Amino acid sequence: MRIECPLCGSRDRREFYYAGHASALERPDPAASAEIWDNYLHIRENLAGVTNDLWHHETGCGAWLVVTRDTVSHAVLLARLAKRDKK
Amino acid sequence: MVELSFLSATGNKLPIKIGNVSATEVNATLHLVAPFHGKSTQAATVVKREMGLDWPGVHELKHRGKSYVLWFDHSHIAVMGEAPLAKLARVAAVTDVSDGWCIVDVYGSDVRDVLARLTPLDIREQHFKAGMTQRSMIMHMQASISCLEKSQFRLMVFRSMARTLLHDLTTAMESVAARAQKV
Amino acid sequence: MRIAGKGLIDRDSVLNFTFNNKLYQGFEGDTLASALLANDQMLIGRSFKYHRPRGIMTAGSEEPNGLVTVQRGRTQEPNTRATVQQLYEGLVARPQNAWPSLKYDFLGINDLLSPFLAAGFYYKTFMWPKAFWERVYEPIIRRAAGLGELAEAYDHDLYEKAFAHCDVLVIGAGPSGLMAAITAARAGLDVILADESNRLGGRLLSEVEEVDGVTGRIWADAILVELARLSNVRIMTNTTVTGAYDQGTYGALERVAHHMHLSPEGLPLETFWRIAARKAVLCAGALERQIAFPNNDRPGIMTASAMRTYLNRYGVSPGQKIAIFGNNSDAHRTARDFVEAGVEVVAMIDCRQEVLAIGNYTVYAGAEVVGTSGRLGLKAVTIRHNGALKTIECDALGVSGGWNPSVHLTCHMNGRPVWNKDIASFVPQDGAVPGLSVAGAAAGEMSTTGALAQGYAMAQAIARDLGKRPKSFDLPLASEGPYEITPFWDVDGKGRAWLDFQNDVTTKDIKQAAQENFRSVEHMKRYTTQGMATDQGKNSNVNALAVLADATGRGIPETGTTTFRPPYIPVAMAALGAGGHAKGFAPERFLTSDAATQELKAPMIEAGLWYRPSYFPQLGETHWRQSCDREAKMVRKTVGICDVSTLGKIDIQGPDAAEFLDFLYINSVASLKVGKVRYGLMLREDGHVMDDGTCARLGEHYYLITTTTAAAGQVMRHMDFVHQALRSDLDVSFTSVTEHWAQFAVAGPAARDLLNGILTHTITDKTFPFMGCGAVQVGGVDGRLFRISFSGEHAYELAVPAGYGDSLFRLLLDQAAGMGGGPYGMEALNVLRIEKGFITHAEIDGRTTAFDIGMAQMISDKKDCIGKTMAARPGLIGPERDQLVGLKPVDAIKKIIPGAHLFETGAEPIRQNDQGYVTSMCYSPTIKSFIAQAFLRDGRNRIGQTIKMVEHLSGVSTLCEVCDPVFFDPEGGRLRG
C-alpha cells in the first residue's frame, strides 16, 4: 500500500501510523453532552466504501493526514494535511 | 579542573570502505529551526543575508562551503555548521540537536544499490538528485537522507541507534560488494 | 539422452553433480531436471500420499513432481524444483518421500491401499476411538506427512530485502514481455523487466520458430542487447514476481546464489524485492495442462511443451520412442520438432477427429490414451482408436490438454478470471489489478505474432498514459500458425487418473467430493486437497474444475475457480522476513554510558528498544538482590548515579507554548515560573492517563518536558496530533531532544556535594531549590541541571550534550566512589520509587484514571484540557473504582506477587469477589519488608484494613495490610534536604 503524502509524494505504507476515522478532528465542546462525547470517542460507522482516515506520516515528514480511501477497492483517493482542514 | 571529552556517535568506528562504497562519520553542529507564525519571511531573510542561502523548500538542501540548510520535517528546517543562531532565535524556535543524531556520509558508485537495501525511498538518480533531502526509514529507524552529490548521501539516525545503523549499513554494503564479485 | 546440435547449453563446460548419491555430468546452461533427463534418470521421487514413482513433468516453476532436497554448504533446502534449479559444479541433490530407497519405497504400500485412502479418508477414519487420536493416529500421520524434511539446523544463509521503483514493471520476458519492455524503454520510461529464468526469451528459447525473419532466440538476444544498453532499463533475471499488492506494489523473489556452489562472503541466497511501479504489464505466458487418463503419472510422462523445451533449449530427449497425446494444434509442434531432431516419434494421439500432421509422423485422430505401463518408468501406452485398443511401445509421452493463461497475479486483489471458450480456459478480468495490464499468452493470446503485438500495444498505451509520446515502429512477425483446441479433460477408463500430482488427487476423488455434496469449488478443494500443495495446482486446477463441472452437471464458468493468492511460487519465510532476524529484528538503543556500564559488568535489561543496566554487581555479590539492596541503601545514605537519558525529552517553544501545554496537561503550566520544574500528567481524550513526567520552564516561551521511556514516541505523536489536528492556531513548535542530551540522576544526601566538586559554579539550595532548574557548566561544557527526584532523596538530574555523556558518566562515578557512593541500576531505581509511592507504566497501564492514582485534584478547573471532560464521566470516578494503595504483608517474610488479585480476607478467591490487583512489588531494605503498589476497590478509604492477595498460578496467598502508597518520608523532608 502506498499513500501520496501532500509534502513527500508517494510513500510506502510502512512510514505511516494509522489512527482511525477523521471524525477525531471534530472535537466537541467541553460542555457538550455525554452522548456527543461518546459518539466522538467511541462510535464509528465502519462503512464498506469511501472513508476518511487519519494517518500520521510518522517516519516521514511528521504531518498528520486525512486520507480518503475506499475500503472495498483499497484505492487511495486523496491525502491532505489535517492542519489544512482545521484552518 | 575537570574537562569532559567528546565522543562521536559511532565511537570512532568510521570510516570504512566495502567494495566501492565508503562511509565516514560527520560531526557538525545541527540546529532545528521553526519560524514563529508570520515570521517565515524574516527567517528566510536572515538565512539569505547571513548564510547566502535560500530558505529550503520541501525536500531541498542547500549549502555553501560546510554550512547547510535543509528541509527537515513538516514544520522544521535544519541548519548544519556555522549559522546565525541568535538572529534566527528572534523569529523562530531554534533547538540544538547537534549531539542527537548520528550523521554518516556514504559515497561510491554503488551507493544507490546499498540504499535500495535500507530504505523504501525511491532512490533512482532522476528522483533523488543532488540537493534533495527526504525523511524516511533506514531499516526500522527514522532517518533523514540527503543527496549531496550524485553518488554521495548523508544519512542521519538517532544517536543511540548508531550501532544498528552501522550493522545495517555494513550488511548492505557487503551484499552489494559481493554481487559485484559474483561470477 | 543428449541430442547433437540442439540446445542452448555450453557443451564445452562440463558440470559434475550428485543425485541420489550417484555422480552425473551435465553442462553449463542445464537445469538439474534437464541434466537428469540427459542422463536418462527418469525416476526423481515419490509422490506425497501414495508414494508413486514420479519423474519430471514440466520445465518450469509450476513443476509438481520433480521436487528434490539440495544440500548446499551447511544448509539443505527441501522441495527444490529440479526444473528451476540451475546446474552448478558440485551440486548435491537427494530425492524426497522415499525410504529406504527411491526404487524400493516402504510407504509404496499406500498405493496398494489406495481404495481406502481416497478423499475424506482421514476425516472419516480417524474419528474413533477418541483415545486413539493422540496415541496412535497422530504419530503415524505426522511421520507420513510433509513434503521433504527440514534441516533442523540453524540456517546460515543470508536473505535480504530490497526496494525498487520504476515507471513500468514488465513481468516475464517472453515475446510479449520483451516487446513491452523495449517499447516502454524506447518511449523513455524507466523499466524493470523481471523473469523467472536465468536467460530471457521465455518460450522463444523453447520453440523452433522465426521472429522477424530470424530464429526466436536470436531475435530475443538482439532485443536484450538493446535493453542492456539503455540506462532506463533494469533487467532482473532469476526473479519471480510473486504478488500484486495495493497502489502498484509488487513482491518479487530473486534467487541470487542458488546456482553457486560457493558464493562470495556477504552474498544473500535470495533477495525479496518490494517493487513500486506506476504501471505493470503481466507477460507471464501460459502453463500447459495435462489430460487425466488412467496411470498418467508414470516417469516419462510430461507436458508436450516441456518436451520441446528439453529438446530445443537443453538438447535433451526424454526418451528414444516418443508418443504425444493432445487435443490441440500446439501438441503437434512437439511431434514435428522431435522428428526433425532425429528422434523416433511413434505416435501422435489426437482426440480431435480431423487433424493433419505438420511433419513426418503417424497421427491417430479421434484417439485417446486409456492406459500406460511400466513400474518405474513408462514402457508403453494403450490407446483407443476407432473403437479398438492398441498398445504402443514408447518410453516418453508428451501430453497437452491445452494452455492455461498465467492469470494468477490478476487475482491477487480479488479479481475473478473469466472463461474464454475459444481457448477453453480462463483469461484475466479487465482491470482486476489497478495499473496492471496483461499481454500475450497470459491474456489468452496464444500466437507469437499476437503476443508481440499485444506487448507493443500495452506498452504504447502506458507510455501515453504516463505523458510520453511514443514513436510507433514496425511490429515483427512470427512464423507460427493459429492455436486450435477442442476441450478434452479426462479419459473414461479403468484405473486412477491423476489431476493434482503433488497431492495425489485423482478424478475419482473429485467425483466422490461431488457425490458427497462438496459441490462448491472451494469445498471440493478442501475436501480433496486439490491444488493445495506447493505448486498450488498450477497445471491441474482447471482440469479439476472441468471434472467437477461435469460431475455436478454444470458448465465450467458456472462452477467458477478457486482463489489465487500470493505468492505465485513458494517463498521461504526467511526471504519474506529478510533483514528481520537477529540484529535486524529491531534497532538497539544504547546509552552514552553503555561502554562504562559494560566495563562494570552490569547485566542489561531491555526497556523498549533501550538497553539499561539492571544492577552493578560488586565482588562477592552472588544474587541480584544483594546488589539491589546495597544500591538502594547507598542512595538513601550517600549518593547514587543513574543514567536517565532514556526518558523522552521534548523541547517546546513559541508564544503559545504555555497555552499548548495547558491543553495537554491536566494541571496548569502557564503559572510555572521560569527556572522551575513541575510534575505533570497527561490524559488521553477518553479520560485515562496517557503519561506523566516533568515540565521545566527554561524561558518565557521555552519549555522542556519529559516523558516516560516507554511512552516517548506515543506522546510525541499525540502532541503532533493535538497541534496539527486540533490546535494549529497555536504558535508553538516542538521537537524531540531525547537523543541530544545525556542525562544522569545524582541522588542522595551527598548529591549537592558531589556536584559542587565538578560544576564550574557552586550551587546552593537558594540557586537550585527543590524543583528548580537552570544552566550550568561542567568540565568546560554547557549543561542543564534540574533539581528533581524519582528516589525521594535530595537529587538532581544533570544533562550535557550526548557527545560528552560517556565522559560525564565516568566523572560522576569517580566522584561518587570517593564519597562512598556509586552507580545504581533499574532494580534499585524501582525500589526507591516504590518506597516513595511514585508510579510507572505498571500503574498507568492505560486503564487507570487520574482519580484512580489519587491525582484528580490536579485537574485544573480553570481551563480545558485533553481528557478533562471524560475524566469526570460517571464510572471513571467514585468508590467503585480501584484506587492506588500501598500493600505490606502482615507477616514480613511473605511475598507479594505483581499481577496477583486482591480479595476480602474471608471471601473465596474467585472472579466475582475480586477487589483489585497488585501492580509493582519490591523488597525494601529501608522498610525491611516486601512492599507493593496495588489498585484496590475504594482503596483510599480502606487504609489500615487487611486484605488477602491470591496468586492463582503459583497458589500463593498472603495477607496484606493496606497502606498509604508512600512508605518512606511522607513529608518529603529529604527531597528539600
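## Sheet, helices and salt bridges in a predicted model

Me: Before we start, what kind of model is this?
Reply: It is a predicted model.

Me: OK, chain B. What is the strand order in its open sheet?
Reply: The order is β1-β2-β8-β11-β10-β9 in chain B. Six strands form the sheet, and the pairing is antiparallel.

Me: Which strands sit at the edges?
Reply: β1 (16-18) and β9 (132-138) of chain B. Each of them pairs on one side only.

Me: And how many degrees are neighbouring strands turned against each other?
Reply: On average 25 degrees, direction ignored.

Me: What packs on that sheet?
Reply: Helix α4 of chain B, residues 162-181. Helix α4 touches β1, β2, β8, β9, β10 (141-149) and β11 (152-158) of chain B. The direction of the helix makes about 30 degrees with that of β1(B).

Me: Zoom in on β2 and β8 of chain B. How many bridges?
Reply: Five, in the antiparallel sense. Strand β2 covers residues 21-26 and strand β8 residues 101-107 of chain B.

Me: Which residue in β8(B) is the bridge partner of B:Ala23?
Reply: B:Val106.

Me: Switching to salt bridges. How many over all chains?
Reply: A search of the whole structure finds 61.

Me: What does B:Arg179 meet?
Reply: The side chain of C:Glu254, at 3.0 Å from N to O. This pair crosses between chains. B:Arg179 lies in helix α4 of chain B, and C:Glu254 in strand β14 (residues 249-255) of chain C.

Me: Is C:Glu254 buried or exposed, and why?
Reply: Buried, because its relative accessibility is 9%. The cut-off for buried is under 20%.

Me: What about C:Glu793, which side chain does it meet?
Reply: C:Arg974, in a salt bridge of 2.8 Å from N to O. The pair links distant parts of the chain, 181 residues apart. C:Glu793 is in the loop between β42 (781-786) and β43 (795-801) of chain C. C:Arg974 is in helix α23 (residues 973-976) of chain C.

Me: Which residue does C:Arg847 bridge to?
Reply: C:Asp845, with the closest N and O atoms 2.8 Å apart. C:Arg847 counts as exposed at 52% relative accessibility. C:Asp845 counts as partly exposed at 31%.

Me: Which residues do shared partners join into one network?
Reply: C:Arg203, C:Glu207, C:Glu209, C:Arg308, C:Asp330 and C:Arg333.

Me: Now chains A and C. How many residues are in contact?
Reply: 26 residues of chain A with 26 of chain C. The area buried between the two chains is about 2,300 Å². Carbon and sulfur atoms give 55% of that area.

Me: Which residues of chain A lose the most area to chain C?
Reply: A:Arg2, A:Arg27 and A:Trp64. Together they make up 28% of what that side buries.

Me: How many salt bridges across that interface?
Reply: Three by the rule. A:Arg27 also meets C:Glu685 in a salt bridge, at 2.5 Å from N to O.

Me: Is α18(C) mostly covered or mostly open?
Reply: Mostly covered, with 13 of its 15 residues buried.

Methods: Residues numbered from 1 in each chain as written. Chains lettered and ligands numbered in written order. Predicted model: local features only at pLDDT ≥ 70, side-chain atom pairs only at ≥ 80, totals over all residues. Heavy atoms only, no water. Pairing = 2+ DSSP bridges. Helix = DSSP H or I, 4+ residues; strand = E, 2+ residues; numbered from the N terminus. Axes fitted to C-alpha atoms, helices over the stretch in contact; angles between N-to-C directions. Contact = heavy atoms within 4.5 Å. Buried < 20%, exposed > 50% of the residue type's maximum accessible area, 1.4 Å probe, protein only. Salt bridge = Lys/Arg side-chain N within 4 Å of Asp/Glu carboxyl O. Buried area = accessible area lost by both parts, 1.4 Å probe.
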